[in-house]
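Subject: Structure handover

Hello,

Here is the structure I promised to pass on. Please open it first, then read my notes below.

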Amino acid sequence: MEVDEAAAPLAAARPAPAGATLGVEEEFHLVDPVSYRLTRSPALAEAVLRGEVGPHLHAEITTTQLESATGICTGLADLRAELVTTRAEAAGAAARAGVRILAASTHPFDSWHDQDITPAPRYQAMVDRWAGLALQQDICGCHVHVGVPDIDTAVAVMDRARPYLPVLLAMTGSSPFHDGVDTGHDSYRTMWWSRWPTTGPPEYLGSADRFREVVAGLVTSGVIADASHLYWDLRPSSHLPTLEFRLADVCTEVDDVVLHAALVRSLVRTLARRAERGEPCPQPRPELLRAARWRAARHGLDGQLFDVLQNELVPARTAVRRLLTELREDLVDHDEWSTVVELVERLFERGTSSSRQRRTWLSTGDWRQVAARIVREGTALES
């Protein structure tokens, strides 16, 4: 769950062309180093809240979670180095507290019953507002901030990005299990998160003024306190010059985080240019966008995805290659094409984290080994 303070390292960004900068926030579960069960760490949460742990770390809604945030990055190598740094910082802080970080969106076998709310006014206010939804927040996410020059650009890109969100989601699944059950989904986090009243793909807005009107109405309704509680799959940041993509599961492998962020930023650059040229904005029905989102959460890269622009089902890898085709010119122009293609091929070869978790479960029948593999892969850091 996004927290205002989490993106503070990004706040120094000045207005620049769309996509000039990017940064990533990652949320992790905290687990016992032997049993790999969810482990409450109130002392760590309090130390993070006091700013005593590390410059990139932030508290989360529960004491079984920890969040990290990179600084402002301009290139993919820069971003990867930052991610290695922030994960190492999170792993080190966790180790000093006697726990380890688990880089996946759901814990394979424990549940929200095994966690406590972090003692901070913001989180108590969330419980007061959303009741059981906040108390049952046992999922983690990965958020990518991409720099935009103004709110008008943010809304124009947001409107145009909606059809591409399902394929981006399909590439990041890491939550096949929930409460010790195989949910049949690559990203069950997406379904669990969908219970909240302000999640999912935003509807077409058309202008910054319309965006402000919607936010004002939601505040008046009482469903949110302010724009920082919009939990759409992407949204203009309430306090930074960025467009924030919030749809992804936590990527267990650092390479997959870099790939997701690279595609997101290239999409922002590409769509901003289309908006500048005055090209028409596709407006697929919200029902179709939700259907495409569900298929991506259900099947990941192992089935067919729904292309809302072509109104057809296509193999997931075909959908990924269609996205690459649309972004190729931009990626080549920014000397990122070969890196992105290599990362895509690696992902195709090993599968999503969800696929790997299922293979471990089917071969061992041991939940502990599933969790241990996630911990091992998520902290195998190389600069």
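Residues 24 or more positions apart account for 78% of the contacts in the protein with a separation of 6 or more. Contact here means heavy atoms within 4.5 Å.

First, the ground rules. This is a predicted model, where local features need pLDDT of at least 70, side-chain atom pairs count only at pLDDT 80 or more, and totals for chains, interfaces and linings use all residues. Residues are numbered from 1 along each chain as its sequence is written, and side-chain values use heavy atoms, with hydrogens and water left out.

**The whole protein**

The protein has 14 helices and 13 strands. These are DSSP runs numbered from the N terminus: helices are H or I with at least four residues, strands are E with at least two. The radius of gyration is 19 Å, close to the 21 Å that the globule rule gives for 383 residues, so the protein is as compact as a globular protein of that length. That radius is taken over C-alpha atoms, and the rule is 2.2 Å times the number of residues to the power 0.38. Along the principal axes, the C-alpha atoms fill a box of roughly 55 × 45 × 40 Å.

Of the 383 residues, 60% are buried. Buried means under 20% relative accessible area, exposed means over 50%, and partly exposed is in between (1.4 Å probe, protein chains only). The protein exposes about 14500 Å², and carbon and sulfur atoms supply 50% of that. Areas come from the Shrake-Rupley method with a 1.4 Å probe; for residues, only the protein chains shown count as cover.

Charges next. There are 40 positive and 53 negative side chains, and the centres of the two sets lie 3 Å apart. Lys and Arg count as positive, Asp and Glu as negative; His and the chain ends are not counted. Each charge is placed at NZ of Lys, CZ of Arg, CG of Asp or CD of Glu.

Start with α2. This helix has 21 residues and reaches 30 Å from its first C-alpha to its last, close to the 30 Å expected at 1.5 Å a residue. The expected span is 1.5 Å times one less than the number of residues. Its buried residues include Leu76, Leu79, Glu82, Leu83 and Arg87. Glycine 98 follows α2, with a positive phi near 85°.

Now α12, residues 337–350. Its 14 residues should span 20 Å at 1.5 Å a residue, and its end C-alpha atoms are 20 Å apart, which agrees. Buried in α12 are Val340, Leu343, Val344, Leu347, Phe348 and Arg350. An α-helix has 3.6 residues a turn, so residues three or four places apart point the same way. The cover over the buried residues of α12 includes α9 (254–276), α11 (316–333) and α13 (353–364). Glycine 351 comes after α12, and its phi is positive, near 85°.

Last, α14, residues 367–378. It has 12 residues and reaches 17 Å end to end between C-alpha atoms, close to the 16 Å expected. Val370, Ala371, Ala372, Ile374, Val375, Glu377 and Gly378 are buried there. Their cover includes β1 (22–31), α2 (76–96), β4 (100–102), β6 (177–178) and α13.

**Single residues to look at**

Cysteine 142 sits in strand β5 (residues 141–147). It is buried, with a relative accessible area of 0%. Leaving aside neighbours within four places in sequence, cysteine 142 is in contact with Val24, Glu25, Phe245, Arg246, Ala248, Asp249, Val250 and Val257. Alanine 103 is 39 residues from cysteine 142 in sequence and 9.9 Å away in space, C-alpha to C-alpha.

Glutamate 60 lies in the loop between β2 (57–59) and β3 (65–69). Glutamate 60 is buried, at 1% relative accessible area.

Two residues other than glycine have a positive phi. Alanine 131 has a phi of about 55°. It is in the loop between α3 (121–130) and α4 (132–135), and counts as partly exposed at 41% relative accessibility. Aspartate 335 has a phi near 60°. This aspartate 335 is in the loop between α11 and α12, and is exposed, with a relative accessible area of 68%.

Best wishes
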